[in-house]
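Good morning, colleagues. Please take a moment to look at the sequence and the model on the screen.

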Amino acid sequence: MDHSSNVHDAAVASGGTCPVGHAAPAPQEVIPSSALPVVDMPRLRQVLSIWARPEPYLKSCRAKYGSRFRVTIIPGVALYVISAPEDVKQMFLAPRDVLHTGSSNTPIEKWTGQTGLAWRDEEEHTKMRRGVMPSFRGEALKRVGQEVVRLAQEEVASWPRDRAVSVHPFAHRYTTKVIFEVCFGEHRPSNEDAMFAEVVKMLEFNSRANTMKPFHLLPSWKMTWMRLNRINGVNDFLVRRARLHAMLDAAIDERVRSGKPGDDLLGTMLGGIAEDDSPARRIEMRDEIMTQFLAGTETTASAICWALEFLTRHPQAVERLRAEMEDGSGDTYLTAVVHEVLRLGPPIQQIVPREVVKPVEIGGVLYEPGARLWASAYLLNRDEHNYPQPDEFRPERFLGVKPASHTWIPFGGGHTRCLGDRIALVELKATLTAILTTCDVERADAAPQSAHSRTVVNIPRNGARMVFKPRTAGARSAAR
């Protein structure tokens, strides 16, 4: 039974006079969030379910409790999962001083530090977002887009042929190269190769459960113990992070000395260096680049893996894509495929929670300060009321249809929507084009792959194991 359906019905009702003379509807009923159903499952089991089996866990909760329910994941925090489109829309439209996202990024502080955009709210967030936006739009986007296509062709050509491989490491290497273009543009630091190798090795830590521990909040004795236990990978991660921080500090100093401007992320942030060249400002720049090393690589690498997971189960979609690519007249179907991949397999199934800092009413429910709203992209996208036959891969649903901002949220939404959304779409299109025009792709595992957590993203279990076979000129000619 959907315990929230009655609240939802009341929430969508509006006051006013009926045009045909009927009595005005009853005022909207508002209930406290404490009245919402609570998942009846031990906390540790819920944590493990979110990590190891997120899809069946979320589906079972939705079936039992409806579109709004409270999960027990973080001790002492009232965390409410929401998945009704009206609720998500209201959450995105809430004023900046009502809902915050910064505090919800605690698990990834080990990457982002506490001064980057991910940790900012209200005016600080607005100012910083406006300052870095030029490196993701306009001429910068054109420059990155050209490099994305070149890198996709180069990287895909280097992937192993005729043997089963996990796609994720190769896709992640590609997306990391793209983010270096975003961060440094034409003015690459002299330590780029060493920095790139360190980033790739450091990101391997994300496949471990310890990646979600908030290191900065743990007592010193516990961190000492964790570092001594070399099996968990914590010490190796922290050693690599220290090296990477030093490399970034050196790269920033080198760029400052060169005086070279640019529309890349570092160049854009250095635009205001004359006003503030303090150590704190340098840390802020380093933290923002570190944030991109995480957020700008993991999400798109995940999406590439999901794209191959779905396409290899739907050969008719592959043939239609190839026909469009061979024709060269546009990318309408490719765009629809990308939208459908991100609907069916959103890299971040639960977008960053919003912390309530002022009482807010959403969908007829009053949430008090301290509560957090956790919008579920997975449940939103798998709801038959939003998408008929929601579990089927049907790119046609997006032909001539632009995804709605509150029923398709792979990039989040509202004030904190992902800055790199347009770059990610270009990456997905370029990668699929490079793969499908040069390779035949076969699944190494016949069974569909379920989702597996890797830090805040989800990837197909086993990283999407595929076999890439060279596509002959004869096959390409036959397609024409």
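This is a predicted model: local features need pLDDT of at least 70, side-chain atom pairs count only at pLDDT 80 or more; totals for chains, interfaces and linings use all residues.

Strand E6, residues 354–356, is joined to strand E9 by two bridges, and these two strands run antiparallel. Within this pairing, glutamate 355 stands opposite arginine 372 in E9. Strands here are DSSP runs (E, at least two residues), helices are DSSP runs (H or I, at least four), and both are numbered from the N terminus; two strands pair if DSSP finds at least two bridges between them.

Residues are numbered from 1 along each chain as its sequence is written, and side-chain values use heavy atoms, with hydrogens and water left out.

E9 also pairs with strand E3, residues 79–82, through four bridges, and here the strands run parallel. Valine 81 stands opposite tryptophan 374 in E9. From E9, residues 372–375, Arg372 and Trp374 point one way, Leu373 and Ala375 point the other way, and all are buried. Buried means under 20% relative accessible area, exposed over 50%, and partly exposed in between, with a 1.4 Å probe and protein chains only.

Let me turn to two loop residues. Aspartate 162, in the loop between helix H7 (138–158) and strand E5 (164–166), has a phi near 65 degrees, a positive value in a residue other than glycine. Aspartate 162 is exposed, with a relative accessible area of 53%. Threonine 455, in the loop between strands E11 (451–454) and E12 (457–460), also has a positive phi, near 55 degrees. Threonine 455 is buried, at 6% relative accessible area.
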